[in-house]
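Here are my notes on this model. Please read them beside the sequence and the coordinates.

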Amino acid sequence: MTARPVKPSRRWTNWAGNQTCHPAEVATPGSTEEVAAVVRDAARRGLGVKPVGTGHSFTAIATTDGVQLRLDGLRGVVHADAVTGRVRVLGGTPLHVLNPALQALGLALPNLGDIDRQTVTGAISTGTHGTGLRFQGIASAVRGLTLVLADGSVLACSQEVEPEVFQAARVGLGALGVVTEVELQCVPAFRLHAREFGADLHDVLDRLDDDLAAHDHVDMHWFPLTDRVLVKHNDRVGPDAPGDPLPAWRAWLDDDFLSNRLYEATNRAATRFPRIVPPLNTVSARLLGAREYTDDSWRVFVAERAVRFRESEYAVPRTHARDVVLAVRDWLERHRPPLTFPLELRFTGADDVWLSTGYERENAYIAMHQYHRMDDAGAFAAFEEIVAEHDGRPHWGKLHTLDAERLQGLYPRFDDFRAVRDRLDPGRVFANDYLRRVLGD
Ligand SMILES: Cc1cc2nc3c(=O)[nH]c(=O)nc-3n(C[C@H](O)[C@H](O)[C@H](O)COP(=O)(O)OP(=O)(O)OC[C@H]3O[C@@H](n4cnc5c(N)ncnc54)[C@H](O)[C@@H]3O)c2cc1C
């Protein structure tokens, strides 16, 4: 298997359109052995290697001017044990392929983020998470990994075998090797009862602790320059609980027409006339009204996101959520940037994954978005200054400006991660500019 050359003019661009690179070559291996051959060959020729998922990271974490590895040929379930819930999947499997495959086995991932377009390895490599104080990010479900290392050798790791590599590679930032297989601890399939309603920001903050204790998954969308919040409470019910999905017309109206088609049109209008943003946000907040339904977990967790945006997301200690939200609100009120997208607020429990934002910490996640055609008018920078005062840990796949020096102070096992990197990739075959910034040379 050799790397398939592409024309030098062929650009790769991420989903948001804010990161671009020109890989020297693109390879599409179909097995672990083929991945190993490509890596060996590239390293011999002094080329860097970068596996890429579906390009849903907003940072430059997936960019390369060396060999880009596309793992579309490595998809699907390799082995499943429905009794233990352990499932081995190929590294290039997208979550939208994995979720129905698990459902057919009577299984599900314990928690998910709000889309399913990512690959399983892209998701775990950046610490992708959903919401739920009694749950963790997707990487916490990983029980074993198969990695192709910089010298082309293959290493399997788990809690028992190469435990240090395992702790580092679950959220590995694509810095340690190419993950070709992932073993996941799944849970029995379950349904979610979803209740969505509009609320006032201050009321929501006042009863936050009670809501987090009472509901499995709490997700909030706060419309900037308003005090309106769309609250989502998703509670787990068994797989046999009667399904009560949204009628097709309502799902289309809310999730396709209002959230995507009309939203794209209003964002385009806001791009031309930024002054309409505050009233527009008020209308948007009210259009998405109350609704209640029950469906398979993965159908409730994820939505289609067709309107492109840029995003920054930070995790802060859960108990700081209120202070951070009010500080951001205060800044937005004073500067009134034309942010058209809601800020999202989510929560997760602590985990033990070295570079997970949830490492030994219950978190509140606060995410700021802006329509991809519009400037954020300094809002992202101000947001970063606010979360910096609260030990904010940035999502590895979402926009931030932190470097290795700062990140070292935020992650107690940062140097242990770097030691594993030094051992596995001393020649920095998997490095790129982003990794040089966040991990050092
Ligand atoms: C619309 C949208 C919604 C999102 N929602 C959420 C959300 O709800 N929660 C959340 O936490 N994040 C969310 N994200 C962020 C997203 O989950 C992450 O950025 C994720 O990494 C994207 O996966 P990907 O397959 O696109 O990976 P890419 O962005 O292509 O790559 C990410 C990293 O993974 C590495 N990688 C990919 N494959 C491999 C491999 N086989 N071996 C080793 N490294 C590999 C790449 O080298 C790179 O370092 C969202 C992003 C978008 C655009």
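Are W15 and F58 buried or exposed? Both are buried (under 20% relative accessible area, 1.4 Å probe, protein chains only).

1. Basis. This is a predicted model: local features need pLDDT of at least 70, side-chain atom pairs count only at pLDDT 80 or more, and totals for chains, interfaces and linings use all residues. Residues are numbered from 1 along each chain as its sequence is written, and side-chain values use heavy atoms, with hydrogens and water left out.

2. Aromatic pairs. The count is 7 (Phe, Tyr or six-membered Trp ring centres within 6.5 Å). The W15 and F58 ring centres are 6.3 Å apart with planes at 90°, so this pair is edge-to-face (planes over 60 degrees apart). W15 sits in the loop between strand 2 (12–13) and strand 3 (20–21), and F58 in the loop between strand 5 and strand 6 (67–70), so the pair ties together parts 43 residues apart in sequence. Strands here are DSSP E runs of at least two residues, helices H or I runs of at least four. Ring pairs join W15, F58, F309 and F341 into a cluster.

3. Ligand oxygen atoms lie 2.8 Å from a polar backbone atom of D114 and 2.8 Å from one of H129. The ligand alone exposes 980 Å², and the protein buries 99% of that (Shrake-Rupley method, 1.4 Å probe).

4. Ligand shell. Of the 35 residues around the ligand, P51, H56, S57, G122 and T126 come nearest (a heavy atom within 4 Å counts as near). Helix 3 gives the largest share, 4 residues. Domain 1 (77–188) and domain 2 (191–394) both contribute, so the ligand lies between them; the bounds come from an automatic or database domain assignment.

Notes: A polar contact is a pair of N or O atoms within 3.5 Å; within protein, one must be able to donate a hydrogen and the other to accept it, and residues adjacent in sequence count only if both atoms are side-chain atoms. Rings of Phe, Tyr and Trp (its six-membered ring) pair if their centres lie within 6.5 Å; planes under 30 degrees apart count as stacked, over 60 as edge-to-face and the rest as tilted. Buried means under 20% relative accessible area, exposed over 50%, partly exposed in between (1.4 Å probe, protein chains only).
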